[in-house]
Amino acid sequence: MFKEERDDSQFEWTMLGNVEAGRPNLGLTTDVSVYRLMQFTLRDTLIKEIGVEAADRIFYQAGENAGRRFFENLITKKDSFSDFIAELQERLRTLKIGILRVEKSDLAAWTFTVTVAEDLDCSGLPVCDEQICTYDEGFIAGLLAAQTGKAFVVKEVDCWCSGDRVCRFDVKPAA
Ligand SMILES: [Zn+2]
């Protein structure tokens with residue numbers, strides 16, 4: 001699973017395992033702070049080892065991979081864009097990842113502004129003047145790429161950490 005070298009992603013959804021069978025007493029969920037502890041210590045270590053830029057690139061790529069896999073495994077309504085968004089909103093809400101809203105969309109130009117409230121990665125963090133949701137940027141890019149077959153660039157422009165109540169992402173086609 002993780003001991004073989006690789007040039008391409010070898011992640012498969014089955015790697016997530018049968019949590020229900022494995023945790024009969026503790027169950028499917030954990031505390032948000034535990035998720036953040038893992039993610040932030042990993043990011044901290046990556047920055048220490050390889051620098052901010054490379055760490056950001058890895059987080060974005062991992063998010064993109066996750067977005068594609070999420071789409072493949074959890075999204076069933078792929079025929080219309082609005083049905084896709086509606087199902088995505090529902091999935092993100094029931095999995096407690098965040099509350100997604102499409103603030104602006106131009107389907108002809110494939111540009112969007114989307115917000116995520118109560119975001120799993122950052123809501124409630126100390127304000128630090130940074131947009132930190134790099135993984136989410138990739139995640140949204142991966143989801144949209146899987147749905148549309150197009151490549152997107154996603155940039156977070158407002159974040160809980162930069163003083164906003166929601167994370168706001170500008171989405172545009174990759175050049
Ligand atoms: Zn954010």
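**View 1. Arg43 and Lys78 each sit over an aromatic ring in this predicted model.** Arg43 is placed over the face of Phe59, 5.1 Å from the ring centre. Lys78 is placed over the face of Phe71, with 4.6 Å to the ring centre. A charge counts as over a ring if NZ of Lys or CZ of Arg is within 6 Å of the ring centre and within 35 degrees of the ring normal. The model is predicted, with local features needing pLDDT of at least 70 and side-chain atom pairs counting only at pLDDT 80 or more, while totals for chains, interfaces and linings use all residues. Residues are numbered from 1 along each chain as its sequence is written, and side-chain values use heavy atoms, with hydrogens and water left out.

**View 2. Phe11 and Trp13 form an edge-to-face pair.** There are ten aromatic pairs in the structure. In the pair of Phe11 and Trp13, the centres are 6.4 Å apart and the planes are at 85 degrees. Rings of Phe, Tyr and Trp (its six-membered ring) pair if their centres lie within 6.5 Å; planes under 30 degrees apart count as stacked, over 60 as edge-to-face and the rest as tilted. Phe11 is partly exposed at 25% relative accessibility, and Trp13 is partly exposed at 30%. Buried means under 20% relative accessible area, exposed over 50% and partly exposed in between (1.4 Å probe, protein chains only).

**View 3. Trp110 and Phe152 form an edge-to-face pair.** Their ring centres are 6.3 Å apart and their planes are at 70 degrees. Trp110 lies in the loop between β1 (99–106) and β2 (111–117) and Phe152 in strand β3 (residues 152–158), so the pair ties together parts 42 residues apart in sequence. Helices (H or I, at least four residues) and strands (E, at least two) are DSSP runs, numbered from the N terminus. Trp110 is partly exposed, with a relative accessible area of 22%, whereas Phe152 is buried at 5%.

**View 4. Strand β2 pairs with β1 and with β4.** β1 and β2 pair in the antiparallel sense over seven bridges, and Ile99 stands opposite Ala117 in β2. Two strands pair if DSSP finds at least two bridges between them. The hairpin of β1 and β2 has four residues between the strands, and Trp110 takes a positive phi near 55 degrees there. With strand β4 (residues 166–173), β2 forms six bridges, also in the antiparallel sense; Thr115 has Arg168 in β4 as its bridge partner. Six of the seven residues of β2 are buried, so this strand is largely enclosed by the rest of the structure.
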